[in-house]
Number of protein chains: 2
Amino acid sequence: MRIVVVGYGTAGSAAAGYARRFCRECKVIVVERRRYAVFHPCSIPEAIAGLVSFESLREEKPLTPGVEAVLGKRVVDGGGGFIELEDGVRIEYDRLILATGATPLVPGSLREAVGLSGVYTLRDVEDGVRIREKALSSSKAVVIGGGAIGLEVAVALNMLGLKVSVFEMMPHILPGMLDGDMARMAEALLASRGIEVLTNNPARLVEERGGRLRVVGDKQEREADLVVLAVGVRPDTTLAERMGVKTGSLGGIMVDKHMETSVSGIYAAGDNAEVRDLVSGNMTLAMLASPAFRQGRAAGINAAGGSAEYKGTVKPWIVNLHDAAVGGAGISLEAAEKIGMDAVAARIQAYNKPQYMPGAERISVKLVASRDDGRILGVEVFGKADITGLVDVTASLIRLGADVWSAVELENAYMPRFSEVYTPLYVAAEAAARRLERGRRR
Amino acid sequence: MRIVVVGYGTAGSAAAGYARRFCRECKVIVVERRRYAVFHPCSIPEAIAGLVSFESLREEKPLTPGVEAVLGKRVVDGGGGFIELEDGVRIEYDRLILATGATPLVPGSLREAVGLSGVYTLRDVEDGVRIREKALSSSKAVVIGGGAIGLEVAVALNMLGLKVSVFEMMPHILPGMLDGDMARMAEALLASRGIEVLTNNPARLVEERGGRLRVVGDKQEREADLVVLAVGVRPDTTLAERMGVKTGSLGGIMVDKHMETSVSGIYAAGDNAEVRDLVSGNMTLAMLASPAFRQGRAAGINAAGGSAEYKGTVKPWIVNLHDAAVGGAGISLEAAEKIGMDAVAARIQAYNKPQYMPGAERISVKLVASRDDGRILGVEVFGKADITGLVDVTASLIRLGADVWSAVELENAYMPRFSEVYTPLYVAAEAAARRLERGRRR
């Protein structure tokens, strides 16, 4: 059996690897428009900052033995058992996995700006290389978009010594991911480093004037040598649509639990696919590497004749603010209320380890729970520490449908060098439980 | 209502704090034989090594406002509504919480050794102070007992420049907590630092000869300036027994889910109490601070008229080997087999973050699961990194009764600075799932 994977990012590499592992007799071919596979796009901001090399983010050979890679070729058409590359070459498949990822979203008013010298979007390692090169001879930057990518690039540019302004159209950064109260903590941290966050300030125009760029927002404008457009991404479904594969209302490819699309034998996985949000029950675009990997795994195993389900996502995420991080999982209170879920939240601060230990930091945790039954719906975390463990534990609880009382009962590994006798999650779960119980007594 | 707590360690302080928080009108009195409360006994080894000060580990005033502390007084008797201190003073109670902790276990053959100069046990901060003082003028140490405390003290003494030998009676260190294969990794690490681990070598005699100590084991003997006895601890039930409170077959105080003892109105919590092991279903002595805190919480709330259950423990633990750590939760394969549980295990190595990132380390994970239904029974982790998140996620899964397939489905917060797209737990869960599926196909 021939399994062809289009796209060699996180989902594509997982799909190819698992397909090959599951079916040793299968021929697995990955086609990628870049000249390399990228396994770690999330490290591009760190590479811009110079903390890791761009070279380390590329893989020029497949990681899984037995997987064949066709690199540097765009797929322009396909269907009926083959795909066609830009050079006219056709590759036959028995099963096809679309792992085409996402492309930067550029609103109409800013589309012209993309052509200007010094204006960049960020998708590939090359974009990162160009941004770093430009940054090294620049003093002022504007990042348009206060989402995950925008903020990480802003932090990277700030570390290179640039004065950075972030234009965000919404009232706070990381909208949809964080609530306003938590977002303000991250904004304060950025401000303390000299990163200016201009909220309620959608960028309307980027123009060149006398060799400098000027970014005009609804409320404020800034001059810059370097502008990064990071207002968001959208699923790359060009090939899927050409092949008659159905897309959903969010613009992603529709798949079932086996990651199979509307066309039998064609699968999709990663940023281009619409999957179930396990908290809201609605469809969502996860746009995260960890879910993309699991989706790729399921698509690969199923394409190879096995059976693996991807039930849905709880969207654990984390944004690197260097020396600090903000992250979460599930749904924010604002987002829950927006879709009519009856939720309560508790926000606390607690130390990650005993106060006398080096590296002790106050961690802010906001826990969102269902008012009805106390089920944990979401968590938001901010702190100057490694918060992945906290997010991961909560993401597990959310996935397993645990409630705040279960979270209070959890025991944790205690060692003063790393942790306290109880975790910040425990403190947040207790506060949420108290709030729920108070509500019931009334 | 008067609530009296005997013992101001982790369980006692949690009990007092929660009792007071739950019942503002209650008078809460803690009686402690030491002149201070210790909240962080687990930091004593770090203080011996000089990484934190001994002073920072003591609390001379109650942490919870409204809690009264009687320090430096031993409780010698009690029952029928009062306790009696060593100076004859009686303190009345309506509810009593026994949080008397544990005392070092000294086997008969070594009891005489405790009187020798240079031979120490470790329970209080003062013991730590004395050990450090002696260590600073010593060159050779023997630690008797390769359990958690013994190893952490051995590491601390090694950091002070002493040549350290650990005598362990069992075939590997951390018996009962780790399997042999995982223990050997920790042993190899200790050996690489010059800490000698002598297994199958129970200490039989410690004697003084010409001003030096000599420790004689079954197989080997060593000379030393300093000997630390850390063969284990046993519940301190002296007061409980005087009061007619029932103890169980493990030597701990018997309690129900509300942490109430056989005597109505008397509660117990912490190292002195027998609690349910949620994995085996048997009673156990948790002897860990994190469970002690939860038990103290439940005892405090219940004593104050509220209702809180402590359902049992999954025993998450971690031992600080400095720059490395070993930890786990649930049950080891050896321990599971010993009590007749039909378990399988998978052991893997995986990086904690992308290999190109600073701080990337291979983490070893052994996952133990029920052969019958794949339920996760235990985890063992070793690595030169912060492994608390990994232990905590698995401990949560164990408590919630999740199986290895659920663990494969978990998504995690991915950020190259802290984590990979998948965790070492994911890799271990996949390996365990494959093993279980292979077993079924046969």
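Mentor: Start with B:Ala346, which touches B:Leu367, B:Ala428, B:Ala431, B:Ala432 and B:Arg435, leaving out residues up to four places away in sequence. The model is a predicted one. B:Ala346 sits in strand 26 of chain B, residues 343-351. It counts as buried because 20 C-beta neighbours fall inside 10 Å, and the threshold for a buried residue is 20 or more. Along the chain, B:Ala346 and B:Ala304 are 42 residues apart, while their C-alpha atoms are separated by 45 Å.

One of the contacts of B:Ala346 is B:Leu367. B:Leu367 is also listed, with A:Val228, A:Leu367 and B:Val228, among the residues with the most contacts inside the largest nonpolar core, which has 334 residues. Helix 11 of chain B, residues 424-441, gives the largest share of this core, 9 residues. As general background, nonpolar side chains in soluble globular proteins tend to be buried together.

In chain A, the contacts of A:Leu367 are given in detail. Neighbours within four places in sequence aside, A:Leu367 is in contact with A:Ala345, A:Ala346, A:Ile376, A:Val379, A:Val404, A:Ala428, A:Ala429 and A:Ala432.

Next, the region around A:Ala304. This residue lies in the loop between helix 7 and strand 24 of chain A. A:Ala304 is buried, since it has 23 C-beta neighbours inside 10 Å. Not counting residues up to four places away in sequence, A:Ala304 touches A:Ile3, A:Ala19, A:Phe22, A:Cys23 and A:Cys26. A:Ala304 and A:Tyr18 are 286 residues apart in sequence, but 8.4 Å apart in space from C-alpha to C-alpha.

The axes of helix 1 (residues 10-22) and helix 7 (residues 289-303) of chain A come within 7 Å and cross at roughly 35 degrees. This crossing is right-handed. By class, the contact of helix 1 with helix 7 in chain A has 13 nonpolar, 6 polar and 1 charged residues.

Chain B has its own pair. The axes of helix 1 (residues 10-22) and helix 7 of chain B come within 7 Å, with a crossing angle of roughly 35 degrees. The crossing of these two helices of chain B is right-handed. Among the residues that meet here are B:Ala11, B:Ala15 and B:Phe22 from helix 1, and B:Ala289, B:Gly296 and B:Ala303 from helix 7. The residues of this contact in chain B divide into 13 nonpolar, 6 polar and 1 charged.

Back in chain A, the loop between helix 7 and strand 24 (317-320) also holds A:Lys315. Phi of A:Lys315 is near 50 degrees, a positive value in a residue other than glycine. A:Lys315 is buried, with 26 other C-beta atoms within 10 Å. A:His322 is found in the loop between strand 24 and strand 25 (325-330) of chain A. A:His322 has a positive phi of about 55 degrees, although it is not a glycine. A:His322 is partly exposed, with 18 other C-beta atoms within 10 Å.

That leaves the meeting of the chains, where 50 residues of chain B are in contact with 50 residues of chain A. On the chain B side, the elements that give two or more residues are helix 7 (289-303), strand 24 (317-320), strand 25 (325-330), helix 9 (388-400) and helix 10 (404-409). Helix 9 of chain B gives the largest share, 10 residues. By class, this side has 27 nonpolar, 14 polar and 9 charged residues.

A rotation of 180 degrees with 0.0 Å of shift along its axis superposes chain B on chain A, with an RMSD of 0.0 Å. The two copies are thus related as by a two-fold rotation axis. In chain B, the C-alpha nearest the axis is that of B:Gly389, 2.0 Å from it. Of the interface residues of chain B, 100% are also interface residues in chain A, so the copies meet through the same surface.

How values were computed:
Residues numbered from 1 in each chain as written. Chains lettered and ligands numbered in written order. Predicted model: local features only at pLDDT ≥ 70, side-chain atom pairs only at ≥ 80, totals over all residues. Contact = placed C-beta atoms within 7 Å. Helix = DSSP H or I, 4+ residues; strand = E, 2+ residues; numbered from the N terminus. Nonpolar A, V, L, I, M, F, W, Y, C, P; charged D, E, K, R; others polar. Least-squares fit on C-alpha atoms with pLDDT ≥ 70 in both. Core = buried A, V, L, I, M, F, W, Y, C linked by C-beta atoms within 7 Å. Buried ≥ 20, exposed ≤ 12 C-beta atoms within 10 Å, placed from the backbone. Axes fitted to C-alpha atoms, helices over the stretch in contact; angles between N-to-C directions. Left-handed = near helix turned anticlockwise from the far one by under 90°.
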